[in-house]
Structure formats: C-alpha cells, structure tokens
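Trainee: I have a new structure open and would like to walk through it. Can we take it piece by piece?

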Amino acid sequence: MIPKSVLYPRTRGLKIMTIMNDEDLLYTQEELAFREKAREFVKKTITPVAKDVETRAPWPEDEWRKLMGKMGEEGYTGLMIPKKYGGGGKSLLYQLIAGEEISAVSPALTMGFGASCTLSAIPILRFGTEEQKEKYLKPIAEGTALGALGITEPNVGSDTAGMQTTATWDENKQVWILTGEKRFITNASIADQIIIFALTDSNVDSKSGMTAFIIEPSWPGFSVIQDFDLMGRRGVHNTLFKMEAMEVPPENVLGKKNQGFLILMDELDTERVGIAAEALGCMRQPFEVAVEHSMKRVQFGRPISRFEGISFKIADMATQMRAARLMTVSAARMIEKGLIATKEATMAKLFATETSVKLTDLAIQILGGEGYVKDFSGIEKFYRDARLGTIGGGTSEIMRFLIQREVYIEAKRGKIQRREDVTVDFDTMMSMIPKGFRSDRAEGVSALIQFEFSDNKNWLLSINEQACSVEQGNSDSALMTVKTTSEVWKNIMLGKTDAMNAMMAGKIEITTDDMDLLMKFARMFKFSSDLFVI
Ligand SMILES: Cc1cc2nc3c(=O)[nH]c(=O)nc-3n(C[C@H](O)[C@H](O)[C@H](O)COP(=O)(O)OP(=O)(O)OC[C@H]3O[C@@H](n4cnc5c(N)ncnc54)[C@H](O)[C@@H]3O)c2cc1C
C-alpha cells in the first residue's frame, strides 16, 4: 500500500502552475500582485458559474450582462482602456494575465470577455473619435455594454480581402446603407454594438476600399439568423446575422473611409498574443490534473507516473507549456515597447494554440476512461475548448503562411545587426529608405511623398512603378505628406518603433486623400536595423 502522502502530495487547484521558478524574471511585482488578485476574483466570481455556462449553452444574455457588470465593478472589463474613458489604463500584460486566469476555469467566458473588451474596444480606442469613445468605449470599460467585431462572412474566412458586405453612401438621406451577412461572430446576438467591416469602394482592390463601422443591433435592418451550437466554448453566443439596407449615420464610421483594412491589421498582433494567453489558461487544469492523476492512479502495482509512457508525456507537456509561455510573454513585451512583433505574435499564437490542443489530448490519454467521461475530472471540456484555438483569429495554416513570409523577407536582407550597434547620421539614414522598399508590393504605384521633419530638413520620396528614390527637397505636387520628428522616424527605421503604433499615438501624422496609396505605402516598406549593414 502506497502511503497517501506520496499519492496526494498536492491538493487540486492551480498549485503546480504557480511553481514557475523564473516568474520574477518574466513578470513585474505589480503584475504578479495583479495575478493574485485576478485568481481570487476568478475563484469568487467565475468558478461558481463555470458549470452553468457550459451546460446552459448559449448562456442567457442576462447572465452574461450580470457577470460583465461584476467584472466591470472590479476593473477587469477596461484593463487596457485609459482612465479617462472609465478603464484602468494598464498595459497589455495585465489583459493577458486576466485572460489566462479566466481561461484556466472557463475558456468560454474568456472568449466572450475578449470579444467585447479587446476585439471591439481596442479599435475604438485607437481609431475612434472623442464622441465614439464616450458613447461606445466607456460602457464597455464599465462593464455595462457588450461589444463584438464582425469580419467573417459565409463566403469569407481566411481571405478577409474577399469580403462581400457592402456599404453605399445615400446622398439624399446622408447615411451609409449596409448590406450583407456576417457569420461566426462572438457575442453578436447579445451585443449592444458591433464593429463591422464593409466594402465602400468597388473601383479599387478590397484592401484599399474597406471601411469599419460601429453599428447597433437595435437599428432597423439588423437581424440575427441563428446562434450556432458549438463543439467547445459552450455558453458563448456565436452568431450568424444579416444587415438588410441598414442605415448607418456618418458619425459611426470608425477611422476614415477606406481605412478599414488598416484598422483590421492593426489589432491583429494584440489579438494573437491574447489568444495565446487564453491557450495557456486552457491547458493549465488538464496538465495539473494529469500530473496529480498519474501519481495517484495505481496499475500493475505502481503509480502510472512510474511508467515512462506516462511520465515522458508529462515531460513533453511541461516543456511545451513553458515554451508557449515564454513566447507569449516575449511577444507581448515587444508590443508593449512598440517594437514590430508580427512574426513573434504570430508564432506565439501558433505554438500556444497547437500546444493546448496537444496537451489537453495527452491529459485525457493519461487519465484513460476518466479523461473521456464527463463525470470525473471534467477535463474533456478543455480539450473541446482548446480545439478552437487553431481556427479562430486566423487558422494555423494562415499563421504558418505569415511566419514563413516574414522569415524569407528577413533572409533576403542578410545578417541582422544588433540595433544598439547602429550609429548612423540622419542624411545617411534617409538615403537608406530605398533599401527597405518591397518593389513587389508597388505594382501600379506612381507617387511623390513629402517628408516634413519638425527638427530637420525635408525630404521627397518618389515611387515610380517598382522603382524608389529619395532626395532632399520640397514639392507642391506630393500626393501624401508624412509629418514627424527625426527621432521618431529614426526609431521606425531601426525597427525600434512600429510605424502604425507611432501613427496611433500621434507621433506621425500622415495626410492624404488617396487611401489606396496610404494602404499600399503601409505595406511597401519593411524597416529594421539590418538596413544599416553596409
Ligand atoms: C467559435 C468561433 C468564434 C469566432 N469568432 C469570430 C468573431 O468574433 N469575429 C469574426 O470576424 N470571426 C470569428 N470567427 C471566425 C474565424 O476567425 C474563422 O473561422 C477563421 O478565420 C477561419 O475562417 P473559415 O472558418 O472561413 O475557414 P476557411 O478560411 O474556409 O478555411 C478552411 C481551411 O482552409 C485552410 N486555408 C484557407 N486558406 C488557406 C491558404 N491560403 N493556405 C493554406 N490553407 C488555407 C484553413 O487554414 C482551414 O484549414 C469565429 C469562429 C469560430 C468557430
């Protein structure tokens, strides 16, 4: 007989994951204190309803609203939203910590929470007018409104540029008329507001002719067709809805007309690390339960943990879970610092979500029949919940496509120089712009772009079909003006600052009426410190 103390060295419940020997290196003391607070909140508020969320799917609207209200009171719904709009003004890591903690108990609740407080809130925060922020952002931050974001359509999934929903301007009524269907939209049937993407210019490619709108489902023309029955994340409202000649006032355009694709691209890195953090939470309980079970379950006269067939699985699970965490935290820190993190955020999403699918599968294997049958540990739920991770927010195939694209671009440029080694004067730096030019993305573009530096000489960038040149000077016929300081521009060229973030923060001002050019310009250059390896 094996003594109980050997068989039950720990009690169930988030004990093993707390043993992270380097957590003081990965997180600040404030973040760790916040994590403790979030764990207490989850224990008190999320754990008691988790089973109800799962069994009464989709969880009734009034329950969602009650819970979001409680989350709002405790400050979780507005973590990244500035205090001015009723939020906490915290950094991305706080949002990830909250997402992971909630997901450790209910990945379904994290999803509804994330669709509202990140997916729909962050674009309004970055691109919204003051009036939009007051009207739509504040209630989300306070937990009194639910938001959603609608990109996907019946005929449009991975290929977002193939969008079919249209918005046409009605000159008489002075409103936009939206027509189309959106599918698989989280929260849509219970949302107060939805960010919708629609085509507003059929004469250009959809990336240059797409606009974002904030719509309210209570408006005439909006109707829910159905809520879907989901394999996992049960409790979430996942909706197919229709907009039939829905009238949307001009003040509900988010950002500028035809800027939609930029808005869409802007939130993706943040969304991807958010999904990676969700996956970290999703794998936690299955891992802990599998470790505990393998020490407790006796077969052939010994705990099954003594069989390498089991303990090596645990080794793989622990290793991959740690790797997923390191990748997620590292990508999040890059985003927080304004570094370009597309490759790293995509890798974190890919690895963490695939790991959570593998790990939850292995956990069920380790528990045998008890893993499969619902009446025991309940970890089968996490297996079903994890499965969404490699599909939602961009599939694993699309993540691999994006990663290889970044890798080959970097490979073509040769050796990466450490950015602290780079010393370069301003004129040399400006003359290097054509080195970062992606001629393959400039097909059909002929434009003169004026750079106005508040503390330096002005420069003119000329793009003619697939050639690019730059020289000092001014022109009256520039199609686009880029206003900034030499320091901000230098940091962008060194890859220290993300151009999009700098634009959102008002550090760069780009003026043009030609949205097609702006869209193409955003994709035509790739700057990083290796440009200065001469
Ligand atoms: C529960 C749930 C919640 C969701 N929430 C939202 C939401 O809130 N808002 C929203 O807008 N969307 C949402 N989605 C939609 C989700 O983002 C899409 O399902 C996802 O992007 C994939 O699109 P698709 O399902 O149309 O698959 P498809 O794009 O049709 O893909 C089918 C398969 O083909 C592969 N494939 C496609 N193109 C390529 C390629 N170029 N190379 C290799 N393989 C390829 C895919 O990887 C996949 O394996 C949600 C989906 C689900 C299931």
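Trainee: Where is asparagine 252 found?
Mentor: Asparagine 252 sits in the loop between strand 7 (238-248) and strand 8 (253-254). Keep in mind that this is a predicted model.

Trainee: Does asparagine 252 count as buried or exposed, and why?
Mentor: Asparagine 252 counts as buried because it has 22 C-beta neighbours inside 10 Å, and the cut-off for buried is 20 or more.

Trainee: Which residues is asparagine 252 in contact with, leaving aside its neighbours within four places in sequence?
Mentor: Those are Phe213, Ile214 and Ile215.

Trainee: And what does phenylalanine 213 touch?
Mentor: Not counting residues up to four places away in sequence, phenylalanine 213 touches Ala167, Trp176, Leu178, Ile196, Ala198, Val248, Asn252, Val253 and Leu254.

Trainee: Which residues of the largest nonpolar core touch the most other members?
Mentor: Leu178, Phe213 and Ala363 do, in a core of 121 residues. Helix 9 (residues 268-296) gives the largest share of this core, with 13 residues. Domain 1 (147-265) and domain 2 (270-413) each contribute at least three residues to this core.

Trainee: What about a second core?
Mentor: There is a separate one of 18 residues, with Phe437, Ile463, Cys468 and Val482 among them.

Trainee: Back to domains. What does the domain assignment give?
Mentor: The assignment lists domain 1 (147-265), domain 2 (270-413) and domain 3 (420-532).

Trainee: How many residues of domain 1 are in contact with domain 3?
Mentor: 7 residues of domain 1 are in contact with 4 residues of domain 3. By class, the domain 1 side of that contact has 3 nonpolar, 3 polar and 1 charged residues. The centres of domain 1 and domain 3, taken over C-alpha atoms, are 32 Å apart.

Trainee: New topic, the ligand. Why does the shell around the ligand lie between domain 1 and domain 2?
Mentor: Domain 1 (147-265) and domain 2 (270-413) both give residues to that shell, so it lies between them.

Trainee: Which residues come nearest to the ligand?
Mentor: Of the 22 residues around the ligand, the nearest are Ile151, Gly157, Ser158, Thr395 and Glu397. Strand 1 (147-150), strand 3 (175-186) and helix 14 (396-413) each supply at least two residues of the shell. By class, the shell has 10 nonpolar, 10 polar and 2 charged residues.

Trainee: Now the backbone. Which peptide bond is cis?
Mentor: The one from alanine 57 to proline 58 is cis, with omega near -10 degrees. Proline 58 lies in the loop between helix 3 (29-55) and helix 4 (61-73).

Trainee: What is phi for glutamine 174 and for arginine 233?
Mentor: Phi of glutamine 174 is near 60 degrees, a positive value in a residue other than glycine. Arginine 233 is not a glycine either, and its phi is positive at about 45 degrees.

Trainee: Where are they, and are they buried or exposed?
Mentor: Glutamine 174 is in the loop between strand 2 (166-170) and strand 3, and counts as exposed because it has 10 C-beta neighbours inside 10 Å. Arginine 233 is in the loop between strand 6 (222-227) and strand 7. With 29 C-beta neighbours inside 10 Å, arginine 233 counts as buried.

Trainee: Last one. What pLDDT does the protein average?
Mentor: The average is 90, and 93% of the residues score at least 70. Over residues 1-14, pLDDT stays under 50. For that stretch the model has 13 contacts beyond four places in sequence.

Technical notes
Residues numbered from 1 in each chain as written. Predicted model: local features only at pLDDT ≥ 70, side-chain atom pairs only at ≥ 80, totals over all residues. Core = buried A, V, L, I, M, F, W, Y, C linked by C-beta atoms within 7 Å. Buried ≥ 20, exposed ≤ 12 C-beta atoms within 10 Å, placed from the backbone. Helix = DSSP H or I, 4+ residues; strand = E, 2+ residues; numbered from the N terminus. Domains from an automatic or database assignment. Contact = placed C-beta atoms within 7 Å. Near = placed C-beta within 6 Å. Nonpolar A, V, L, I, M, F, W, Y, C, P; charged D, E, K, R; others polar. pLDDT = per-residue confidence, 0-100.
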